[in-house]
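Please look over the sequence and the structure shown below, and then follow the questions and answers.

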Amino acid sequence: MDWLAGAWAVFRNDLRIELRTRYALNALLLFALGALLLILFAVGPQPIPTRVQSAFLWMVILFAAAVGLGRSFVAEERQGTALLLRLNTRPSMVFAGKLLFNLVLVGSLGGVSTGALLLLLDVSVARPGLLATALGMGVLGLAVATTLLGALVARAARRGALLPVLLLPLLTPLLVSSVSATQKAIQGLPWTEAQDELLTLVGFVGATLSAATLLFDYVWAD
Amino acid sequence: MYRSVRALVVALLSGALVAGFLGQIPQLDILEQSARNLYFHVPMWFALMMGTVISAYHSFRYLQSGDRLRDIRAREAAWLALLFGLLGIVTGMVWARFTWYVGSGKWWNFDPKQSMAAVLLLIYGGYFVLRDSVEDPDTRGRVAAVYNLFAVVTMPFLLYILPRQLPSLHPGGEGSPAFTQTDLAPAMRWVFYPSVLGFLGLFWVLYTQRVRLSWIRKRLRREPEL
């Protein structure tokens, strides 16, 4: 099978299963919205500094992703379709397809959470381009890490809270840089002020993406 | 070989302990008597770095060969990295308490290096949780090795890139990571370098012994009559 066609087929398959029930997407979005509302009630009606606003946003995205993602590999193992996938496709196709699917999920999660936070807190973003870049890089890094770690967790017998335990410490660099870049976007600082954060994000996403691409073969192979 | 290294380690660390607690140290601003901690805190982090590198190397070789001994080596090196990291954090906390936060009496404040080091320990904690959650030994080795290598890729960001972007009191934050004159007086080198050698040697002694012990345990489990 052509590599692109194979990866696209894996992605289409996941997307079709997801669209049939919309379980993962709905759970993810409801978790994020619930957490945001809970934070607002807990904080109460008072002005929140921009640093804390961006921290809320990323904590919600990170925790929603850690709780709600990584089901797709577990489902493959549980339904016994993993073997079929191993026989018919190369590991890199599976990785690319699943990564694309996770990207769609995390992307909608990030978009909806950001929109909800901006609306609920009545924040006006001075630099939407910078915010979109920070959000995009953060979402990409998050999708890469959840795809690889999701495949790892699917091999484990006792899954429980394993994904958050593995994911959260690894994503600390991503969190620190994205929060800082988001804060600068809300405050409306020029792009050059946020170059440290953006370069760190680019480096982090590049390094994790390369490592995950290389390592995925070993997780997937039997 | 092993006995001579062990004797050397005992001699070096005893020397470092005696010289560290009883010896004369030059007067440094702010640090004063707490500068003695340099002989213990810094070598512990060197030992941690050695542990992460050795653990990652053996994880890599395990993925290549599937040799069970590589998995044991990776696990024991990670365990020792966790141990030296914990010791490093504790000594660092005490040091910070009596130099940076001496007026405020805080034990923990948001210092980037300190917090990132705590995150590093969480990563190794996750490594052991992951190991315990897999039953099949071959799968466990492979899954743990993949996680270890993936974690190593993110460690430079945690330990070297981010702490340099955030304001910190920790030495080596801006510019050159080497010691400056305010942190290390020339006379202290005569205790500091032997202490570094001693801690790295201690790591080696513990590491080889733990690897042998796990290897024997594994053999015994397979052939109980031995």
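The face of α2(A) turned away from its buried side carries the exposed residues Tyr23(A), Asn26(A), Leu30(A), Gly34(A), Leu37(A), Leu38(A), Phe41(A) and Ala42(A). This is a predicted model, in which local features need pLDDT of at least 70, side-chain atom pairs count only at pLDDT 80 or more, and totals for chains, interfaces and linings use all residues. Residues are numbered from 1 along each chain as its sequence is written, while chains are lettered from A and ligands numbered from 1 in the order in which they are written.

Reader: Which residues of α2(A) are buried?
Author: A residue is buried if 20 or more other C-beta atoms, placed from the backbone, lie within 10 Å of its own, exposed if 12 or fewer, and partly exposed in between. In α2(A), a helix being a DSSP run of H or I with at least four residues, the buried ones are Ala24(A), Leu28(A), Leu29(A), Ala32(A) and Leu36(A).

Reader: Why are they on the same side of α2(A)?
Author: The arc is taken from the directions that run from the helix axis to the C-beta atoms. They lie on the same side of α2(A) because the arc they cover around the axis is only 125 degrees.

Reader: Which element gives the largest share of the side of chain B that touches chain A?
Author: With contact meaning C-beta atoms, placed from the backbone, within 7 Å, 25 residues of chain B are in contact with 24 residues of chain A. Two or more residues come from each of α4 (112-132) and α5 (137-165) of chain B. The largest share, 15 residues, is that of α5(B).

Definitions and conventions:
Contact = placed C-beta atoms within 7 Å.
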